[in-house]
Amino acid sequence: MTDILNGLVHLTSMLILPGLAYGSQLALGALGVTLIFGVLRFSSFAHAEGLSLGTALTILITLWLQGMGVSLGVLPTALLGMLLAMPLLALVFIGTDRALYRHFRRINARPEVFMIVSAGVMLIMNGVIRLVIGTDGRDFEDGERFIVTARGFRDWSGLAEPLVLKTSQMLTIGLAVLAMACLFRFLNRTRAGRSMRAYADNRNLALLSGVDPDRIVRLTWVLVAVLSVLAGVLFGLDKGYRPFVYQQLLLPMFAAAVVGGLGSPVGAVVGSMIVAFSELALTFAWKKALTYLLPAGLAPDGMMQLLSTEYKFAVSFLILVIVLLVRPAGLYGKAAR
Amino acid sequence: MSFLRAENLTGGYGGPPILNGCTIEVDRGRIAVIVGPNGAGKSTAMKAVLGMLRLTSGRVMLDGRDITALPPQARIRAGMGFVPQTENVFPTLTVFENLQMGALLRKDAIGDTLDEIFALFPILADKRHQPAGQLSGGQRQQLAVGRALMTRPSVLLLDEPTAGVSPNVMDELFDKITRIAAQGLAVLMVEQNAAGALEIADTGFVLVQGANRFTGTGRELLADPDTRRSFLGGRA
């Protein structure tokens with residue numbers, strides 16, 4: 001019995017909680033990918049840099065706030081900085097749209113053209129981020145780091161395995177659920193959200209119905225900015241901010257959005273969980289969990305780790321390839337409906 | 001002058017003109033049908049009435065007011081309802097949301113109009129929470145018409161409302177369109193199913209190469225052997 005409990009605690013602490021947190025972070029990012037694809041009809045390669053820029057802005061604002069003596073007590077000050085970074089990033093996105101994407105919308109450019117333009121935006125943003133905050137990693141979490149510490153849990157439960165719950169994990173899961181609930185409510189229950197979905201569904205009919213396209217585009221970028229800052233900051237609180245690591249988030253975010261079906265917000269969330277848990281489960285060393293959970297005779301000798309953690313991007317890539325081959329429209333995509 | 005009158009329409013999509021001075025008109029409570037061979041400019045004439053086309057000459061009058069300079073959105077605001085031939089619903093939105101989108105331009109309560117539309121198309125009331133993409137072809141056409149009626153237009157423009165639906169559904173749709181006209185709307189439609197449409201039409205406009213060839217009541221055109229042979233499927 002204790003063995004089973006130990007095994008479950010070990011899995012919760014090392015796989016399930018990190019997986020939920022990582023999946024939530026991906027979901028917030030993938031929702032942005034899918035919104036841009038659904039409403040503006042292109043795949044934005046600059047999306048990961050958007051997360052990165054949003055986080056960099058948050059870090060700078062947080063440093064300034066801390067310099068002025070502002071603190072949220074047990075919670076990280078970045079939560080406050082984040083709120084100020086959101087409108088800034090929205091302005092950056094809307095500015096980029098005005099300067100670049102709007103022109104290509106007016107000449108009715110094909111989606112591939114937009115994609116290449118977004119690759120250019122990615123390179124520019126990448127450079128701007130280096131200028132603004134440099135390339136070094138930064139840890140910007142302050143406040144209380146753990147809700148449940150390893151020692152605290154062991155003393156309380158008497159189990160050999162510790163359960164660790166980081167503040168950042170709890171914040172990530174809680175804020176992600178809240179943000180998604182707000183987003184879905186906005187899309188399904190408000191006039192503006194409905195207009196946005198109508199515009200994504202059938203642009204010409206939406207225009208005839210009286211939808212103002214400029215307003216929809218602006219609204220989309222504002223939503224994408226809010227989601228990007230949230231995703232970036234929560235990822236950064238959890239794992240630290242490193243510009244190069246953020247660049248690499250592009251692949252899992254796209255894999256998640258494609259698995260769920262590009263353009264489908266529900267799909268983006270489900271796809272993110274699939275990608276996050278696949279990545280973690282395939283690179284997880286199962287030895288300890290199996291030793292606890294299997295009968296004594298069957299305990300494994302090796303690490304029981306299918307892939308080294310360096311190969312985690314191969315998992316996203318593999319999922320992307322499999323989905324595109326087997327079900328290109330994704331789980332909730334239009335063709336599957 | 002008729003309630004809606006588009007006269008001497010000339011223009012096209014930038015290349016050679018597709019419309020060559022045709023005139024189309026319809027009064028409230030009446031149904032007018034534009035028929036003609038393929039490429040005669042039937043749909044183009046309707047697009048011109050809605051303002052989706054740059055005219056080189058001609059004008060469109062609605063209730064005595066010259067609306068030639070207005071863009072399509074403004075014409076819808078002025079009282080035109082338009083049902084495109086294809087892609088005329090929002091497939092991932094529910095039936096109810098589609099109707100709400102139809103009423104986007106309205107600022108007042110839409111409850112009464114919804115009731116009227118559900119009375120006219122009871123199937124829409126039954127399926128109000130289903131995504132429009134899951135409806136059958138005929139149901140989708142009914143939704144498209146219902147959506148266009150949400151602005152309470154005085155003119156309803158229908159671009160081939162029966163394209164791709166079965167004969168039964170076609171008869172039902174024509175019946176509904178007759179009822180809509182009876183409520184006092186001016187109905188103008190383009191139809192490939194000329195024979196069926198002329199049955200319910202008060203006026204038929206036969207277009208050939210963007211110009212009026214024959215104009216008459218639906219019965220007259222159906223009875224005329226020339227028109228029958230040339231444009232109504234050759235069953236003279």
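## A first look at chains A and B

Let's begin with Ile200(B), which is found in helix 8 (residues 194-200) of chain B; helices here are DSSP runs (H or I, at least four residues), numbered from the N terminus. This is a predicted model, where local features need pLDDT of at least 70 and side-chain atom pairs count only at pLDDT 80 or more, while totals for chains, interfaces and linings use all residues. Residues are numbered from 1 along each chain as its sequence is written, and chains are lettered from A, with ligands numbered from 1, in the order in which they are written.

Leaving aside neighbours within four places in sequence, Ile200(B) is in contact with Ile31(B), Phe174(B), Ile177(B), Thr178(B) and Gly218(B). Contact means that the C-beta atoms, placed from the backbone, lie within 7 Å.

Over in chain A, Phe153(A) sits in helix 5 (residues 150-157). With 19 C-beta neighbours inside 10 Å, Phe153(A) counts as partly exposed. Skip the neighbours within four places in sequence, and Phe153(A) is in contact with Val148(A), Pro162(A) and Leu163(A).

| Helix pair in chain A | Axes come within | Crossing angle, roughly |
|---|---|---|
| Helix 1 (residues 2-40) and helix 6 (residues 167-189) | 9 Å | 35° |
| Helix 1 and helix 11 (residues 250-260) | 8 Å | 70° |

Helix 1 of chain A is therefore roughly perpendicular to helix 11 of chain A, a label for angles of 65 to 115 degrees. The axes are lines fitted to C-alpha atoms over the stretch in contact, and angles run from 0 to 180 degrees between N-to-C directions. Helix 1 of chain A passes helix 6 of chain A in a left-handed crossing, but passes helix 11 of chain A in a right-handed one. Left-handed means that the near helix is turned anticlockwise from the far one by less than a right angle, and right-handed means clockwise.

Who meets whom? Residues of helix 1 of chain A that meet helix 6 of chain A include Leu17(A), Leu20(A) and Ala21(A), and that contact has ten nonpolar, four polar and no charged residues. Here Ala, Val, Leu, Ile, Met, Phe, Trp, Tyr, Cys and Pro count as nonpolar, Asp, Glu, Lys and Arg as charged, and the others, Gly among them, as polar. On the helix 11 side of chain A, Met253(A) and Phe254(A) are among the residues that helix 1 of chain A meets. That contact has eight nonpolar, two polar and no charged residues.

Met253(A) turns up again in the largest nonpolar core, which has 152 residues, as one of those with the most contacts inside it. A nonpolar core is a set of buried Ala, Val, Leu, Ile, Met, Phe, Trp, Tyr and Cys residues joined through C-beta atoms within 7 Å.

Finally, the two chains touch: 13 residues of chain A are in contact with 18 residues of chain B. Helix 7 of chain A gives the largest share of chain A's side, five residues. That side divides into four nonpolar, five polar and four charged residues.

Notes: Helix = DSSP H or I, 4+ residues; strand = E, 2+ residues; numbered from the N terminus. Buried ≥ 20, exposed ≤ 12 C-beta atoms within 10 Å, placed from the backbone. Parallel < 35°, antiparallel > 145°, perpendicular 65-115°, else oblique.
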